[in-house]
Amino acid sequence: MEETQFEIGQLVVYANNGICTVEKIEVMSFTAGMPKELYYVLRQKKNSATQFFVPVKNEKLTSKLRPLMQKEDIDDILMGLTDGDAVEWIPDRRQRTEYFKSILFEGVSGKLLNMIICIYNRKRQLDREGKKLPVTECTTLKSAERLVQEEFEFVLGLEAEEVPKYIRKRLHIQED
């Protein structure tokens, strides 16, 4: 069998699909007449009925796979963030939406947490002006928190409802 980056039984994060277990690594073909190739067979932790098949040689897809963070990784990311490091608010809605979408697609990272800070800062500013955060950014914020929540909940052993409070506390973000 070829050299693989991940092992059977290993917990990984697959793009914005959340935590998965590498259930199998096997040779298969999904189209008659096409050559067989080696695939990671991933099973989603939150919904065990969901599987993903990732070709081992497809760099574009395997680049979306990463090992689950450790507690030290989470602490390092959180301790390294400040409001001064936050992602800048992009005035143009289309550019901002595309940029935020690209950050979400990368998964949990310092950049994702910086984006959360940016959106919270914008929300606070708009609240002071008596305005509301646009729906697109509200949705982006919820998606970002969901991605962070799943991994932090699992790695830190927290309950789901504790994760947003934990993040806000660590990032010095006031509760609404």
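Visitor: How do α4 and α5 pack, and at what angle?
Guide: In this predicted model, the axes of α4 and α5 lie 10 Å apart and the helices pack at an angle of about 140°.

Visitor: What do you call that orientation of α4 and α5?
Guide: Oblique. Angles over 145 degrees would count as roughly antiparallel, so α4 and α5, at about 140°, are oblique to each other.

Visitor: Is the crossing left-handed or right-handed?
Guide: The crossing of α4 and α5 is left-handed.

Visitor: Which residues make that contact?
Guide: From α4, Leu-112, Leu-113, Met-115, Ile-116, Ile-119 and Tyr-120 take part. From α5, the residues are Glu-137, Thr-140, Leu-141, Ala-144, Glu-145, Leu-147, Val-148 and Phe-152.

Visitor: And by class?
Guide: The contact of α4 with α5 has 11 nonpolar residues, one polar residue and two charged ones.

Visitor: Step back a bit. What is the secondary structure of the chain?
Guide: Six helices and five strands. Along the sequence the order is β-β-β-β-α-β-α-α-α-α-α.

Visitor: What does the C-alpha trace span?
Guide: About 60 × 35 × 25 Å along its principal axes.

Visitor: Back to helices. How do α3 and α4 cross?
Guide: Helix α3 covers residues 93–106 and helix α4 covers residues 110–128. Their axes come within 9 Å and cross at roughly 140°. The two are therefore oblique to each other, and their crossing is left-handed.

Visitor: Which residues meet there?
Guide: Tyr-99, Phe-100, Ile-103, Leu-104 and Glu-106 of α3 meet Lys-111, Leu-112, Met-115, Cys-118 and Ile-119 of α4. That contact of α3 with α4 divides into eight nonpolar, no polar and two charged residues.

Visitor: What about α3 with α5?
Guide: Helix α5 runs over residues 135–156, and its axis comes within 11 Å of the α3 axis. The two axes cross at roughly 10°. Angles under 35 degrees count as roughly parallel, so α3 and α5 are roughly parallel to each other.

Visitor: Which residues are in that contact?
Guide: On α3, Arg-96, Thr-97, Phe-100 and Leu-104. On α5, Thr-136, Glu-137, Thr-140, Ser-143, Ala-144 and Leu-147.

Visitor: How many nonpolar, polar and charged residues does it have?
Guide: The contact of α3 with α5 has four nonpolar, four polar and two charged residues.

Visitor: New topic. How many cavities of 30 Å³ or more are there?
Guide: Two cavities of 30 Å³ or more are counted. The largest cavity holds about 50 Å³ of space.

Visitor: What lines the largest cavity?
Guide: Its lining consists of Val-13, Ala-15, Gly-18, Ile-19, Arg-66, Gly-107, Val-108, Leu-147, Glu-150 and Glu-151. Leu-147 also takes part in the contacts of α5 with α4 and with α3.

Visitor: Which element gives the largest share of that lining?
Guide: Helix α5 does, with three residues.

Visitor: And how do the lining residues divide by class?
Guide: The lining of the largest cavity has five nonpolar, two polar and three charged residues.

Terms used:
Residues are numbered from 1 along each chain as its sequence is written. This is a predicted model: local features need pLDDT of at least 70, side-chain atom pairs count only at pLDDT 80 or more; totals for chains, interfaces and linings use all residues. Side-chain values use heavy atoms; hydrogens and water are left out. Axes are lines fitted to C-alpha atoms, for helices over the stretch in contact, and angles run from 0 to 180 degrees between N-to-C directions. Helices (H or I, at least four residues) and strands (E, at least two) are DSSP runs, numbered from the N terminus. Angles under 35 degrees count as roughly parallel, over 145 as roughly antiparallel, 65 to 115 as roughly perpendicular and the rest as oblique. Contact means heavy atoms within 4.5 Å. Ala, Val, Leu, Ile, Met, Phe, Trp, Tyr, Cys and Pro count as nonpolar, Asp, Glu, Lys and Arg as charged, and the others, Gly among them, as polar. On a 1 Å grid over the protein atoms alone, a cavity is a set of points where a 1.4 Å probe fits but cannot get out, and a pocket is an open set with protein on both sides within 12 Å along at least five of seven lines; lining residues have an atom within 4 Å of a point. Grid points are joined across faces, edges and corners, and a volume is the space filled by probe spheres set on the points. A crossing is left-handed if the near helix is turned anticlockwise from the far one by less than a right angle, and right-handed if clockwise.
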